[in-house]
Amino acid sequence: MSTNFRRAGAALFAATLTAATLVACSSEQAPQGGGDGGGESAAASDTIVLGFSQVGAESGWRAANTKSIQDTLTTENGFDLKFSDAQQKQENQIQAIRSYIQQQVDVIAFSPVVETGWDAVLEEAKAAEIPVILTDRAVDSEDDTLYESFIGSDFVEEGKRAGDWAVEQYDGEGYKAVELQGTTGAAPMIDRQQGFADAIAGSDIEMIDSQTGNFTRTEGKQVMEGFLQKYDDIDLVFAHNDDMGLGAIEAIEAAGKVPGKDIKIITVDGVKDGMQALADGKINYIVECNPLLGPDLAEIAKKVVAGEEVEKRIVTQDEAFDQEAAKAALPDRQY
Ligand code: GYE
């Protein structure tokens, strides 16, 4: 799946060797920095200490993403992974990043919960000469020297694919649509909304309401309940992730309507529960967002520590599924 991983295949061995040498040098300085006081986690000299600040555990996608990172950045693969969960709070992420700076880790990686407000802490990392890699979500900053690379999907494209399919299927029927947005201010929320709006723009599909469900099943359900009380003519739901779509299914069924028929549902992600609902006809279309970012992160981290050039933007490849495609893909689905 990971084209980037394949592309860099040959160079990786050499990069790993260089990385080992470099880290060996830098770790000699660790004790005077106060580090972790010679505790058990004092890394072997060829190990890359990587501090990762995760958004939270809000969705099936996030669980798969965390697993991919933890399964890839292992001791056997040359990493000492320090992992923290920010529970969808920016202040927790900033705190975690500051603590990684204090610990003088070799690399900091994080998935920024929202796009703005990162410059100060990223400047602190830069001043401490600790490289930063963004995974999954982008930051909105004028200064792109504050991070080495951004690995993740093209969220505008995902929203556009969802909207293009809606237009292809439903244009001409005067559909009224509602939107369940992801976390306010998060890159995938902003971009998916934009992509979908652009795609339906010349059609007769009308977006009548849009609210955040914070990427969770519970809030997706609550927001959908509110929409169903407010409007009796909803034809289509665009949910920025599967979990909110699954919450919407519960709300629609509780209101005595049939999800996938009376009210069509389009989501983004392609996690197992979402794909199952699609195969069962309760969701109509899913644009995939690949959460398996661990291998690309490992590769880029090794290169960065080795002082090699890395691509500033690495776009992961996503597919899209209708009911038949979901049925075919489900048996081999990894997440
Ligand atoms: O779509 C959603 C998760 O940032 C791409 O975050 C990620 C999104 C994903 O909570 O399910």
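**Note on the ligand site**

1. A polar side-chain atom of R192 lies 2.8 Å from an oxygen atom of the ligand. The model is predicted, and this distance, like the others below, is computed from it.

2. In the side chain of R137, an N or O atom is 2.7 Å from an oxygen atom of the ligand. For R62, the distance from a polar side-chain atom to a ligand oxygen is 3.0 Å.

3. How much of the ligand's exposed area does the protein bury? Taken alone, the ligand exposes 300 Å², and 100% of that is buried by the protein. The space that the ligand takes is the largest cavity.

4. The elements giving two or more residues to the shell around the ligand are α3 (60-72) and α7 (187-200). In total, 13 residues surround the ligand, and the closest are E58, D136, R137, R192 and D269.

5. Sorted by class, the shell holds six charged, five nonpolar and two polar residues.

6. Why does the ligand lie between domain 1 and domain 2? Residues of the shell come from both domain 1 (46-153 + 291-317) and domain 2 (155-289), so the ligand lies between them.

Key
Residues numbered from 1 in each chain as written. Predicted model: local features only at pLDDT ≥ 70, side-chain atom pairs only at ≥ 80, totals over all residues. Heavy atoms only, no water. Near = heavy atom within 4 Å. Polar contact = N/O pair within 3.5 Å; in protein donor to acceptor, adjacent residues only side chain to side chain. Areas by Shrake-Rupley, 256 points an atom, 1.4 Å probe, with all protein chains shown as cover. 1 Å grid on protein atoms, 1.4 Å probe; cavity = no way out; pocket = protein on both sides within 12 Å on 5 of 7 lines; lining within 4 Å. Sits in = over half its atoms within 2 Å of the grid points. Helix = DSSP H or I, 4+ residues; strand = E, 2+ residues; numbered from the N terminus. Nonpolar A, V, L, I, M, F, W, Y, C, P; charged D, E, K, R; others polar. Domains from an automatic or database assignment.
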